[in-house]
Amino acid sequence: MTGFLQHCVDATSLASLYALLALPVALVYGIMNLVNFAHGELIMIGAYALFLFGALTLPLWVFLSLLVVIAAALAMERSAFRPLRGASPETLLVSSFAVSYLLQNLALLLFGSRPKSIETPSGLDRVFYVHGLRIDLLSLLTVALSVICIGGIAIFLKRTQFGVQMRAAAEDFTMARLLGVRANSIVAAAFTISGALAGVAAFILVAQGGSAYSTMGLTPVLIAFVATMMGGLGSLAGAVLGALILGAGTVTLQVVLPASLRPSRDAFLYGAVLLLLLLRPDGLVVAHRERV
Amino acid sequence: MTTLDRRLAPLARIWPALSLALLLALITLGANFSGLAVKNRVIEMLIDVVLVVGFYSFAGTSGVLSFGHMSFMSIGAYVGALLTIPVALKAILLPSLPSTVAGTELALVPAALIAGAVAATAAAVISIPLMRLPNLAISLGMFAVLVIVYQVESNWSSVTRGRAALVGIPTNTSLLTAFAGAVLAIVLVFAYQESRPGLRLRASRDDELAAASVGVNVENERRFALMISAFILGSGGVLYAQYLGVITPNSFYLDITFITIAMLVIGGTRSLAGAVIGPLFVTALTYLLQQVEKGFSVGPLTVPGRSGLQQVGLALVMLLVLIFRPRGLTGGRELPIPWRLRSPSGPLPERQAALQSPPSIEKASRSNMVALPQAASTDPKDSQL
Amino acid sequence: MRGISLHVDEGELVGLIGPNGAGKTTTLSSIVGVVPVASGSITFEGRPLAGTSPEAIVRGGIALVPEGRRIFGRLTVEENLRLGATGRSDADVGRDAAEMMERFPILERYRSSPAGKLSGGEQQQLAIARALMSRPRLLLMDEPSLGLAPLMVNRVFELIAELRSEGMTTLLVEQNARRTLKGADRTYVLQNGTLQFETTAGQADVEHVEQHYFGIESREAV
């Protein structure tokens, strides 16, 4: 039983991280039809920022890195995506792929191919034992950060007037504009949120892995894509749900697979997702049907 | 119609493929009499043509840009490697291979055909669930497939040597071989795109709903196209493997995915010419960027070189194309037809038609060289009310 | 579209009728800035609208009730209403929302439900109320009676007449030629992208227009 509970603990932590990855991708897609390949590179930028500012004290270190990522997200939107606003989702996807490749190789150019090691602040590697369950502080922090961020965004979208505008824009961008909602403000807000969440994810990944490297955005963005696909490409709640399932699925596979197959765990996971989509091509969350 | 016209008319029909083959022939000829460096670069370019034409046969005809096509190249390359590495070497490198494979040693062509077939089979299986998804999900789903294939290859050490390099592949890809491969790919894809299934798929590219409403089974057409695409990419993978002599899973991962997509986008996604012009242009561009990478001086100014500039430069060019000329260098058109092949009484080639009268639906469907008329060169803005 | 020249004076209800594909929606789209104008000008209260973004045009005193209603199905009725007042910063928004719900009781009943649950006619009321929330000086309506049951069509045209008597300046695009011709101060007839005719209401005029432009034999009023 302890084993099962331990796995639940691990799954919760992983699932929360995945949700943090999926939410901004689903949000930006919902508003502007852009599946942002380069979101992984925002995380990468966050990690490199944490590396560069490593000498600073804790609050400043994290805060400045966060600012850098948000600035990068806004710059990305302004230079690469705004000229393409209104283009087909496929065009936007390809261009985000180009941005992603560009940023990865820029990082390679600037920092080289060897990972940069980042010292995690002492104290973050503390481990608690509760009833025989091993809970590390970082996992707790991950869950806490995830809940705060996602909860905060949910409240923002539901309770503030600007949040209502964003939800309206996500449903019918043109009509929202025709009521006076400013397109640029909505998009900027979406990218700010993206940047902020990417920064948080970067912090967690750096705390876990201890390094920054140019290809570190690949796996997170793939997770975000698969979760968004599972959620049905339009639904924020669906993407979060998809992320949770992926997190639980990853841990389950890690436990269930024989040792020889474990390195291919992700292959099994995505294979399973593809099979799932065979049954429900429109995703797990069925979209609202309007009364005629 | 004069006798001359009647004889030349069939030439006009195959002009898109013929023109590209002639272009490549010229380049190959030139390379043949050049130094080793140029020869190698042209061989790589010709292999790229095979890959991008293979990619185009799905992405260009259906309009769905998948991000995982290199998984087919990967599968083909590994199958080809396993079939062509000399038996004695295989016994050392991969002792636990099943005996049928361990004992086989094939030449390039049969290996390429088998590899292509295996890749096509994989495509058939994957496409059963995949093509039921909406377009974007197909693109992302294929990306997941790429990752799956990469992981399987990296971990299935008994068959692929895992992340270690699979060496000892005979290097039989000469200039002529690569040229032949490129021309065959062009011919195959041209034949496909002009065939009934090909035309049906291209119709769905421009208007999925309209195509479905006239009875096109979009899902099945896409499945078929994916198989053709996978076959070409799989065989292309063998060509590539026999050029390098060594492969690892990383040879078929992100970098080559990006380069092939960039080549098609820059060349022009909607035409076969784009799939050939793209690699040509990008090869020239990367050559230029490599010179810049080495560092150069302009007058009093010395620009130091840094490696990695190539990729950044290519990505920038691709973005610029997407923003300012989304239809690519060819604009979705095939190479223009020369005067002698134009017949005054036969179907009007695209240029003459455009000059003389506004494009009509009849002409567009009859002439396979016309991309559907577009007033603006950018994707239509969201102007729906 | 070519050679469109029309004007709406303050307080007028002007109709724009024509068959499908005549360009009625395109006309409205170009006024609100969604479709670019190739040549000519559009001015509102003396200011040209060309090149302005839709958000700016709408915040400048024009409101649109679009074809197909286009309410936000996943948002509540109340959220939809308040979105109509996006450009406004004053404190009266709440009061106006309350007034709207008084005027359209169905909105009050469903105020916290997702707007997608409303029927077509109810959504049309919401769309009109939403447009009115911005206190527009010009109201553009695109085929408000489309797809509605006859009872609802009556209600919609009654509403339009009410608004007219309250002094609202309206440009009404419609396929229902008869009702429009009867209710509007002036009506333009659009066909194949050009303006064919301008008329003022009157029974004789209505029959004339119907016969010559739509080939409809005159019948007793429905």
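Predicted model: local features only at pLDDT ≥ 70, side-chain atom pairs only at ≥ 80, totals over all residues.

How many of the eleven residues of helix α6 (residues 161-171) of chain A are buried?

Modeller: Eight of the eleven residues of α6(A) are buried, and the helix is mostly covered. A residue counts as buried if 20 or more other C-beta atoms lie within 10 Å of its own, as exposed if 12 or fewer do, and as partly exposed in between, with C-beta atoms placed from the backbone. Helices (H or I, at least four residues) and strands (E, at least two) are DSSP runs, numbered from the N terminus.

Residues are numbered from 1 along each chain as its sequence is written, and chains are lettered from A and ligands numbered from 1 in the order in which they are written.

The buried residues of α6(A) are A:V164, A:Q165, A:M166, A:R167, A:A168, A:A169, A:A170 and A:E171.

Two packed helices are described by the angle between their axes and the distance between the axes. Axes are lines fitted to C-alpha atoms, for helices over the stretch in contact, and angles run from 0 to 180 degrees between N-to-C directions. By this description, α3(C) packs with helix α6 (residues 120-132) of chain C at an angle of about 35 degrees, their axes being 6 Å apart. The crossing of α3(C) and α6(C) is right-handed; a crossing has this hand if the near helix is turned clockwise from the far one by less than a right angle, and is left-handed if anticlockwise. From α3(C), the residues C:V77, C:N80, C:L81, C:L83 and C:G84 meet C:L126, C:A129, C:R130 and C:A131 of α6(C). Two residues are in contact if their C-beta atoms, placed from the backbone, lie within 7 Å. By class, this contact has six nonpolar, two polar and one charged residues. Here Ala, Val, Leu, Ile, Met, Phe, Trp, Tyr, Cys and Pro count as nonpolar, Asp, Glu, Lys and Arg as charged, and the others, Gly among them, as polar. Chain C as a whole comes to nine helices and eight strands, and 41% of its 222 residues count as buried.

The axes of α2 (residues 39-52) and α3 (residues 58-81) of chain A come within 9 Å and cross at roughly 145 degrees, in a right-handed crossing. A:L42, A:I45, A:G46, A:A49 and A:L50 of α2(A) make this contact with A:W61, A:S65, A:V68, A:V69, A:A72 and A:A73 of α3(A). These residues divide into nine nonpolar, two polar and no charged.

Another buried position is A:G247, which has 24 other C-beta atoms within 10 Å. A:G247 belongs to helix α10 (residues 236-256) of chain A. Leaving aside neighbours within four places in sequence, A:G247 is in contact with A:A11, A:L14, A:A15 and A:Y18.

Chain A also has paired strands: β2 (residues 127-130) and β3 (residues 133-136) pair in the antiparallel sense over four bridges. Two strands pair if DSSP finds at least two bridges between them. In this pair, A:F128 of chain A stands opposite A:I135 in β3(A). Two residues lie between the strands of the hairpin, where A:H131 takes a positive phi near 50 degrees.

Finally, chain A touches chain B, with 39 residues of chain A in contact with 38 residues of chain B. The largest share of the chain A side, 15 residues, comes from α4(A). That side divides into 29 nonpolar, eight polar and two charged residues. Across this boundary, helix α4 (residues 89-111) of chain A and helix α7 (residues 135-155) of chain B pack at an angle of about 25 degrees, with axes 10 Å apart. The two helices are therefore roughly parallel, a term for angles under 35 degrees, whereas angles over 145 count as roughly antiparallel, 65 to 115 as roughly perpendicular and the rest as oblique. A:P89, A:E90 and A:L93 of α4(A) make the contact with B:N135, B:L136 and B:S139 of α7(B).
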